[in-house]
Amino acid sequence: MGYVQEARENHVKKKVEEALRSKMKQKALKECDQYTVKYAECAAGRTLSVVWQCRKQAKELNECLHQ
């Protein structure tokens, strides 16, 4: 019985973590919207060159998202 209870608790913890991660992601994307738009504008129409052509915008976006 102990194993089943522990499995249920772990499942609940995982669901809580997933919900929290989702809310944090939504908040970060909302707060960093201006950087997302800049990066998307730079990346539009590019394929591989986006890596070096949009490096500045990607760095700004990542800095915002990791705050």
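Colleague: Why is the link of Cys-32 to Cys-64 called a disulfide?

Modeller: The rule asks for a pair of cysteine sulfur atoms within 2.5 Å. Here the S to S distance is 2.0 Å. The value meets the cut-off, so Cys-32 and Cys-64 are called a disulfide. Keep in mind that this is a predicted model: local features need pLDDT of at least 70, side-chain atom pairs count only at pLDDT 80 or more, and totals for chains, interfaces and linings use all residues. Residues are numbered from 1 along each chain as its sequence is written, and side-chain values use heavy atoms, with hydrogens and water left out.

Colleague: What makes the link of Cys-32 and Cys-64 left-handed?

Modeller: The angle about the S-S bond is -90 degrees, and the link is left-handed. Cys-32 sits in the loop between helix H1 (2-31) and helix H2 (33-43), while Cys-64 sits in helix H4 (residues 55-65). The pair links distant parts of the chain, 32 residues apart. The helices are DSSP runs (H or I, at least four residues; strands would be E, at least two), numbered from the N terminus.

Colleague: How do you know whether Cys-32 counts as buried or exposed?

Modeller: Buried means under 20% relative accessible area, exposed over 50%, partly exposed in between (1.4 Å probe, protein chains only). Cys-32 has 1% relative accessibility, so Cys-32 counts as buried. Cys-64 has 13%, so Cys-64 counts as buried too.

Colleague: How many disulfides does the rule give?

Modeller: The count comes to two. Cys-42 and Cys-54 form a disulfide, with sulfur atoms 2.0 Å apart. The link of Cys-42 and Cys-54 is left-handed, at -95 degrees about the S-S bond. Cys-42 lies in helix H2 and Cys-54 in the loop between helix H3 (50-53) and H4, so the pair ties together parts twelve residues apart in sequence. Both Cys-42 and Cys-54 are buried.

Colleague: What is the pairing of the bonded cysteines, numbered in sequence order?

Modeller: The pairing is 1-4, 2-3.

Colleague: How do you know that there is a salt bridge at Glu-31?

Modeller: The test is a side-chain nitrogen of Lys or Arg within 4 Å of a carboxyl oxygen of Asp or Glu. The closest N and O atoms of Glu-31 and Lys-27 are 4.0 Å apart. That value is at the limit and still counts, so the pair is a salt bridge. A search of the whole structure finds one salt bridge. Glu-31 and Lys-27 are four residues apart in helix H1, so about one helical turn separates them. Glu-31 and Lys-27 are both exposed.

Colleague: Which residues line the largest pocket?

Modeller: Among them are Arg-21, Met-24, Lys-27, Glu-31, Cys-32, Cys-64 and Gln-67. A pocket is an open set of points on a 1 Å grid over the protein atoms alone, where a 1.4 Å probe fits, with protein on both sides within 12 Å along at least five of seven lines; lining residues have an atom within 4 Å of a point. About 300 Å³ of space lies in the largest pocket. That volume is the space filled by probe spheres set on the points, which are joined across faces, edges and corners.

Colleague: Which elements give two or more residues to the lining of the largest pocket?

Modeller: They are H1 and H4. H1 gives the most, with seven residues. The lining divides into six nonpolar, one polar and four charged residues. Ala, Val, Leu, Ile, Met, Phe, Trp, Tyr, Cys and Pro count as nonpolar, Asp, Glu, Lys and Arg as charged, and the others, Gly among them, as polar.

Colleague: What makes Gln-67 count as exposed?

Modeller: Gln-67 has 81% relative accessibility, so Gln-67 counts as exposed. Gln-67 lies in the segment after H4.

Colleague: Why is Lys-38 called partly exposed?

Modeller: Its relative accessible area is 42%, so Lys-38 falls in the partly exposed class. Lys-38 lies in helix H2. Asn-62, in helix H4, is also partly exposed, at 38%. The C-alpha atoms of Asn-62 and Leu-29 are separated by 11 Å, 33 residues apart along the chain.

Colleague: What does the protein average in pLDDT?

Modeller: The average is 88, and 93% of the residues score at least 70. pLDDT is the predictor's confidence in each residue, from 0 to 100. Among the elements, H1 has the lowest mean pLDDT (81) and H2 the highest (96).
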